[in-house]
Amino acid sequence: MIPRRLFTGPRSGESSPSVTLEKGAYRMRAPSNRPVAGPLDFSGKNAPTARPSSRHPSAISCGWIILISLLLLGCLVSFGMAYYLFSTRWDLRDHALRQPTDAIQVIEPPYLSVETPSPHEKYLSYLPHSGYHNQRIAFENALTLAHLLNRTLIVPPIRLGSQPIRYYNFDTLSRYLALSGKEGLKHCALVPDLTFASPECGNYFNYTFLSWDWLVNLTDIATYQKLLHRWDLRPQWIQSYLQLSPSDVYHLKDMKPYQYRFLDNASDPAPPNEKFDGIIHIDDLAQKTQRLIQVGTLFGTSRLRLVHEDNDLFRAKIRQSMVFAPTQLNNAVQAVLDELPSIFLGAHVRLGDGWFRNSGEENVRLVWWRLVHQVLRYSVTETMTLERLMDPHEDEEVDLRETPHLAPDEHISLQLPSDYNPLVSSRLPCHRSRHTAAHLLLLNTPLYVSTDAKDPFNDPLLSLFLKTFPCIFFLGDFPHQTGMLDSLHNGYDGVPLKPFLLPFMDSMVAAKAWRVVGTEGSTFSRFVEDVLWTTYHGESVVQRG
């Protein structure tokens, strides 16, 4: 390495031109005229003198003020625009994302009177839970109990959907119900199905709330029993609206679903009921002076044991009022009936999930046996032979099953007309060729099956029905009629009501049949047989419990 020469003086005179390579071409560069820096001088003698500023200090301050003002104004405008875009983000969407122009707002929440409630009026409130028919049974019991206590009933809305709130103990259920409303979520109704939605909208369309006085006809009941409809399920709402102090409320809290049973006669030696832990006499409860009696669950057909005839008749009137009332729903059902012959059979088969799916084979067999043996009057031997013919099994033990245990036929006196012809055609063609053998002709009677099975024609649990009854029909066979519900939207939350009403429509068609048979252990099937079918055919509802 060549040592670099140290200089103590200026080098400008000894500098020479240099040659550099720049972008592929040679270029001559002249020597620099800058003096080479000498030793560092900290004395300050040779320091450059700062040039005095020509700007006045006030001008500098004014510039800073203007700059800061512009920045603040920009921040305010940005925040304002962001808030506007957030608060109106759904309004900016195309109108096609909103409800269709032919949508019918079938229900608006009933608004409470602005008048202050009377401090002398007394109330009864309860906590609803589970699916629709559990809520219905609890509502029937609540109406009856409020009537016997001479108290105004505070009525919660119906919760419909695939995610019901199941039973919990009193305090836990009360908290869940308080958080179950849709307050602050109404914008979710404007989000299209294929658009990414914020997390709070994830389950918005899976459930909805309906008023009892829209779904069923309470006009007659309301003349006997005062009702106060509520949509806010928080305990604080009751206390605020009724202006209650803690001492004005009597709580009857439960820790398990069947903790209390109510009796209308103190001297009634009620038969033992293993379901319930304790007994409450309604006369004792009527002595409570608090303005509000707040109970937990009232679900259970045997929750109220009524001995007095007047009380039992009032409960029967309540149960009969639970028939579905909406005009749109009844019109759609009638449109299906117009396609079926005047005499057809009905079956209500629960297979959807849980216990009913796991017990599906046994339950389907019981329904089939009731239809063939009890309704169509085939003998036990003939029915066993038909079962082996229609549903053969390779396993001999299964093929030699015993006769199932059937409850007595409550309508044994009802018989087909003597001139009934099972070959009378309906407007819809049968799905299979009709039976021609003389002993099988009755099996050509059309059968309407109301079921929650997802794909009934391909569900193996329903194969016995499909093979036995060639003229079998499901709700899916009537797309035009079900389409009559497309325009129904809930005015409460903007949710389309068709998915929630289809199970009701399905059950109503089955209940219009000449005879209907339901699934063992199903409260829905029991309602179809005991209430819908009896009411549609001019008979008294069946009282149970």
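Predicted model: local features only at pLDDT ≥ 70, side-chain atom pairs only at ≥ 80, totals over all residues.
Glu529 and Arg370 are both buried, where buried means under 20% relative accessible area, exposed means over 50% and partly exposed lies in between (1.4 Å probe, protein chains only). These two residues form a salt bridge, with their closest N and O atoms 3.1 Å apart. A salt bridge here is a side-chain nitrogen of Lys or Arg within 4 Å of a carboxyl oxygen of Asp or Glu. The pair links distant parts of the chain.

Residues are numbered from 1 along each chain as its sequence is written, and side-chain values use heavy atoms, with hydrogens and water left out.

Now take the whole chain. It holds 17 helices and 18 strands. Helices (H or I, at least four residues) and strands (E, at least two) are DSSP runs, numbered from the N terminus. Of the 545 residues, 44% are buried.

Glu140 lies in helix H2 (residues 132-149) and Arg319 in helix H8 (residues 309-320), so the pair ties together parts that are 179 residues apart in sequence. Glu140 is buried, at 2% relative accessible area. Arg319 is buried as well, at 7%. Arg136 joins Glu140 and Arg319 in a network of salt bridges.

Another salt bridge brings together the side chains of Arg350 and Asp452 (3.2 Å, N to O). Both residues are in loops. Arg350 is between strand S14 (345-349) and helix H10 (354-358), while Asp452 is between strand S15 (447-451) and helix H14 (463-468). The two are 102 residues apart. Asp452 is partly exposed, with a relative accessible area of 28%.

Next, the helix pairs. Helix H11 (residues 360-375) and helix H12 (residues 380-390) have axes that come within 10 Å and cross at roughly 130 degrees. Axes are lines fitted to C-alpha atoms, for helices over the stretch in contact, and angles run from 0 to 180 degrees between N-to-C directions. H11 and H12 are therefore oblique to each other; angles under 35 degrees count as roughly parallel, over 145 as roughly antiparallel, 65 to 115 as roughly perpendicular and the rest as oblique. H11 supplies Arg365, Trp368, Trp369, Val372 and His373 to the contact, and H12 supplies Val380, Thr383, Met384, Leu386 and Glu387. These residues divide into six nonpolar, two polar and two charged. Ala, Val, Leu, Ile, Met, Phe, Trp, Tyr, Cys and Pro count as nonpolar, Asp, Glu, Lys and Arg as charged, and the others, Gly among them, as polar.

Helix H9 (residues 327-337) and helix H16 (residues 498-511) also have axes that come within 10 Å, crossing at roughly 45 degrees. That angle makes H9 oblique to H16. Leu329, Asn330, Ala332, Val333, Val336 and Leu337 of H9 meet Leu501, Phe504, Met505, Met508 and Val509 of H16. This contact has 10 nonpolar residues, one polar and no charged.

How values were computed: Contact = heavy atoms within 4.5 Å.
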